[in-house]
Amino acid sequence: MSRDEGHEDRPRGRWSQRGAAFGIWYLRTVTFINLLSAVSVSFGNDIRRHNIAEFFTPYLLTAGFASAAFSLFLSVTLRRRKRAAWILNLVLSGLLALLFAFSMVAAPEFRAHVQNWVSLALTVVFAAALVVGRREFYAKGDRSNPKLAAAVAAGGLLVTSLLAALLVTVSNTAQDASSTFVQRWRYGLMRLVSLAADDQRFPGIDTPNWVNVTINVLSTLLLVAVLWAAFRSVRSTEAITEDDEERLRALLARHGDRDSLGYFALRRDKSVLFSPSGKAAVTYRVVGGVSLASGDPLGDPEAWPGAIEVWLAEAREHGWAPAVMGASEEGGTIYARHGLDALELGDEAIVETEEFTLAGRAMRTVRQAYNRIERAGYTVRIRRHEDIPAEEMDRLLRLADDWRDGETERGFSMALGRLGDPGDGRCVMLECWDGSGELRALLSFVPWGAKGLSLDLMRRDRNSENGLMEFMVLELIQRAKEVEVTQLSLNFAMFRSVFERGSRLGAGPVLRLWRSLLSFFSRWWQIESLYRANAKYRPIWEPRYLLFEKSTDLVRIGLASARAEGFLEAPGLPKWLNRKHLENVR
């Protein structure tokens, strides 16, 4: 199937959905019981008693952190509609049900206990529910998952079993401590599997309870690693190709004035899906199992639904959580018609250059700051990128890199991620020079249709005057005719309405508390200061929204957004792996 074609929805019925829901809630309940039995000695002993001799318990019900982690992981992967998780659960529960049935037929003592009948019934019902709900589990995993999971399991089992044997050796308190290393290793393997396992076969080994728990926690960590490797979603998609970029630029040429963030769709670490007609497209990146789109779809609004449907179908096919960052009210409305909920993230500052003025009492402070920088001898040069000679552009690139705050290039939804590319000739560069002829700051704007610009990059020498960026923006506003633009999109102010309404007379206690909390976090993330910096231009505020399918995915989406924007590195990975997507950047 081509990337432009949609995926047909699989037929779903009420019983199919109920079967899937039963399977998920069964595993959640088993997770709770397993965890409770792991932390409660008396309850753990009850589980142990019902896992030996002529008793058996339902599918996956046993004591231990590892079994709790296993059932929890399977419930999460089933909820994400992973086909591999469905297959694994069906095979394991089906085989266990057959074993239970055979045991009860072959041995009369098993049939004498009501618990065994209940265990058999629950296991059979669980397997039957998976069969009934089979159409609900369609999400594909990465083809390399089985090999990776096998490698992690083999290497991890060797390491954890040796660590377990070492713990058993140093903590063994048995009076007849005549056990061999192989016996202690086997004992450690047994404790890796379950806290409820029978240890009567090891008379020469007696370990404190904390050792058993520690070994079981090691097995939990190993199990989580193996399951993560086995059920990973497809981690990436094909990055934008040269042909894709040409098609996107054609859409921008016809409809680029609709969305100030449209040009950022040309980031080359994104992927793209087109509507069946080719008249609209959604660009996105997969981060941490989240298919993260940004801004509105590109192209003809009448074709937006087709592109959104293709994007949602791909997300569901791979088990990704769909989300959109920074959609406008128009785009958010179309996304909402396809089942996504909306949260207002903040507001984008839009300045109409022909209506802007520095005159008046309200602009007194801004005017004074502008005049102070101007009297200090600073000047601004405004040029299209295509008008800058290659040698000069190379120097600007070096300075921009030197002035960058930190090693990470931040931005995803409102940043292009590159500077000086030949394909971006219509971008606008502002260079600010001090009185002695030294270059002190740079601003770069991307095109917003034919008559607009969107702020992309801000860099300045740390030793330059405060207020230099504001001076440059004001220069561009007043000299907008030099580059034939009439509107500017400046920074995005997150939670702008909270700061504005929360400071008004009569604001309620909840709103004041929310404003105080955001002001506290602004000490590190500059939330309020960014709003204040934008407000001084007296802009038009355009709301931007976060779209999501399930509220339970908001934490995942928040982490994925932070990683995409460069504010958070992927946990547990070397730094170079977090930037692996840069390998696709031309």
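Visitor: Is I350 buried or exposed?

Guide: I350 has a relative accessible area of 6%, so I350 is buried. This is a predicted model, in which local features need pLDDT of at least 70 and side-chain atom pairs count only at pLDDT 80 or more, while totals for chains, interfaces and linings use all residues. Residues are numbered from 1 along each chain as its sequence is written, and side-chain values use heavy atoms, with hydrogens and water left out.

Visitor: Where does I350 lie, and which residues does I350 touch?

Guide: Helices (H or I, at least four residues) and strands (E, at least two) are DSSP runs, numbered from the N terminus. I350 belongs to strand β6, residues 341-352. A contact means heavy atoms within 4.5 Å. Leaving aside residues up to four places away in sequence, I350 touches W448, L488, S489, P539, I540 and E542. The C-alpha atoms of I350 and I540 are 5.0 Å apart, although 190 residues separate the two in sequence.

Visitor: What does V473 touch?

Guide: V473 lies in helix α15 and is buried, its relative accessible area being 5%. Beyond residues up to four places away in sequence, V473 touches L443, L490 and Y537. From V473 to L443 the C-alpha separation is 8.4 Å, across 30 residues of sequence.

Visitor: Which residues of helix α12 are buried, and why are they on the same side of α12?

Guide: In α12, residues 329-336, the buried residues are G331, G332, I334 and Y335. They lie on the same side of α12 because they cover an arc of only 160° around the axis, the arc being that of the directions from the helix axis to the C-beta atoms. What covers them includes β2 (280-287), β3 (290-294), α11 (304-318), β5 (321-327) and β12 (540-548).

Visitor: At what angle do the axes of α3 and α4 cross?

Guide: Axes are lines fitted to C-alpha atoms, for helices over the stretch in contact, and angles run from 0 to 180 degrees between N-to-C directions. The axes of α3 (residues 65-79) and α4 (residues 83-106) come within 9 Å and cross at roughly 130°. That angle makes α3 oblique to α4; under 35 degrees counts as roughly parallel, over 145 as roughly antiparallel, 65 to 115 as roughly perpendicular and the rest as oblique.

Visitor: Which residues meet where α3 contacts α4?

Guide: From α3, F70, L74, T77 and L78 meet A85, W86, L88, N89 and L92 of α4. The residues of this contact divide into seven nonpolar, two polar and no charged. Here Ala, Val, Leu, Ile, Met, Phe, Trp, Tyr, Cys and Pro count as nonpolar, Asp, Glu, Lys and Arg as charged, and the others, Gly among them, as polar.

Visitor: What is the phi of L60, and what is that of E484?

Guide: Most residues other than glycine have a negative phi. L60, however, has a positive phi near 70°, and E484 has a positive phi of about 60°. L60 is in the loop between α2 (41-49) and α3 and is buried, at 17% relative accessible area. E484 is in the loop between α15 (468-478) and β11 (487-494) and is exposed, at 53%.

Terms used: Buried means under 20% relative accessible area, exposed over 50%, partly exposed in between (1.4 Å probe, protein chains only).
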